[in-house]
Amino acid sequence: MLLTLFESHTHFFLSMFQKMILTKIISNTLSLHKKQLIEWLPAVRYFSSPTNPLVNVDVNDKSGIAVVTMNRKPVNGLSLELFEAMSKALDDLENNRIRGAILTSSCPTVFSAGLDLNELYQPDKKRFKAFWTTFQDVWLKLYGSSFPTAAAINGHAPAGGCFLAISCEYRVMCPDYKIGLNETRLGIIAPIFLRASMRNTVSNREAEKALTLGTLYSTEDALKIGLIDEIAIYKVKAIERCENFLAQFNNVSSIARSFTKRSLRQKDLEELENCREEDFNIFWSNLIEPSVQKQIGDYMQSLKKK
Ligand SMILES: CC/C=C\C/C=C\C/C=C/C/C=C/C(=O)SCCNC(=O)CCNC(=O)[C@H](O)C(C)(C)COP(=O)(O)OP(=O)(O)OC[C@H]1O[C@@H](n2cnc3c(N)ncnc32)[C@H](O)[C@@H]1OP(=O)(O)O
């Protein structure tokens, strides 16, 4: 109660300087460790949007909500550079204590086409290692973020695209698109962290069916199995619905919310933290199998021939 009052009344007015002073006074008074106290303090609007052409971050000064837009034409293929830009953007959001983030895309009909197949086909080991490690980083930062997250899925979201959406806490999708984890259809085994996000979203039984069959769901079917939470007619509405979801947390203590989220996701995060190198090795050895390479190469050709 005290925390909620404190947050709502000071939310718009604190400057960074005031926040430092306040931190000092309250930590002295309550004998709290500074790190504990920082968690208490409300978000402060001193955020300047990082300029990276691949990821645009737009923070609404009034609501404190950031819209994070992936911008890699034509289909937001997740390349090393896009992952690096996302990883940096997530760090900036975390450091600036925003109130929530909405992930979306600037491509008119595609949220993200998943991993850039060029990263998977005839890969160079050094680059692939950097790519895979940054992919892991992005998941750890997005799935484990201290701020609440939502995805405004304004287009197709196969494979890695679906993975990004299910790493968020809420999903609103526009009609007539496809979403799902179709990795097995490409001969690819879903990595450990992707399985965790899926199990956290739909029932274990649906996750098993969806992952083993590699099903791509229509927007309507995705809603039926709980893969998405709402349907919105177009992107602006999807963002609005995500904002409404995030606004619900205005009346909840941010420390209670973020600790609860963390404790629910901790096991999944630790599972990857404890086996990052092994996770890479498993994928690398599978990826360079000639049969897997052939399947990926043929798939790339089929996409180009369309
Ligand atoms: C055994 C273990 C081995 C390895 C482990 C590796 C990974 C495991 C774990 C990770 C999980 C994630 C995996 C992935 O994400 S793999 C990628 C899977 N993605 C897809 O299957 C989607 C493919 N794309 C499509 O279905 C359509 O493009 C889409 C519906 C998204 C959009 O259709 P639209 O008609 O609007 O556009 P297109 O004309 O199809 O495409 C335009 C352009 O973009 C190229 N393209 C499309 N997708 C990709 C992609 N993922 N990567 C790179 N390039 C892509 C497409 O070829 C066209 O190019 P061009 O003809 O040159 O214009």
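**Overall picture**

I started with the elements: the protein has 14 helices and 10 strands, where helices (H or I, at least four residues) and strands (E, at least two) are DSSP runs numbered from the N terminus. I kept in mind that this is a predicted model, in which local features need pLDDT of at least 70 and side-chain atom pairs count only at pLDDT 80 or more, while totals for chains, interfaces and linings use all residues. Residue numbers start from 1 along each chain as its sequence is written.

Next I checked burial, and 39% of the 306 residues count as buried. Buried here is 20 or more other C-beta atoms within 10 Å of the residue's own, exposed is 12 or fewer, and partly exposed is in between, with C-beta atoms placed from the backbone. For contacts (C-beta atoms, placed from the backbone, within 7 Å), I took pairs at least 6 apart in sequence, and 74% of these join residues at least 24 apart.

**Strand E3 and its partners**

I then turned to strand E3 (residues 65-70): 5 of its 6 residues are buried, so the rest of the structure largely encloses it. Two strands pair if DSSP finds at least two bridges between them. E3 pairs with strand E2 (residues 55-59) in the antiparallel sense over 5 bridges, and Val55 has Met70 as its bridge partner in E3. The two strands make a hairpin with 5 residues between them, and Gly64 in the turn shows a positive phi of about 75°.

With strand E4 (residues 100-105), E3 runs parallel, joined by 6 bridges. Here I found Thr69 opposite Thr104 of E4.

**The E6-E8-E9 sheet**

I also noted an open sheet of 3 strands in the order E6-E8-E9, with mixed pairing. Strands E6 (157-158) and E9 (216-218) are its edges, each pairing on one side only. E8 and E9 are antiparallel over 3 bridges, and Lys178 has Ser218 as its bridge partner in E9.

Which members of the largest nonpolar core touch the most others? Of its 73 residues, they are Ala150, Ile153, Ala165, Ile179 and Cys242. Such a core is a set of buried Ala, Val, Leu, Ile, Met, Phe, Trp, Tyr and Cys residues joined through C-beta atoms within 7 Å. I followed Ile179 and, leaving aside neighbours within four places in sequence, found contacts including Ile153, Ala165, Leu216 and Tyr217.

In helix H8 (192-199), Phe193, Leu194, Ala196, Ser197 and Met198 are buried. Their cover includes helix H6 (125-143), H7, helix H9 (204-213) and helix H12 (254-273). The loop between strand E8 (178-180) and H8 holds Arg185, which counts as partly exposed because it has 16 C-beta neighbours inside 10 Å.

Definitions and conventions. Contact = placed C-beta atoms within 7 Å.
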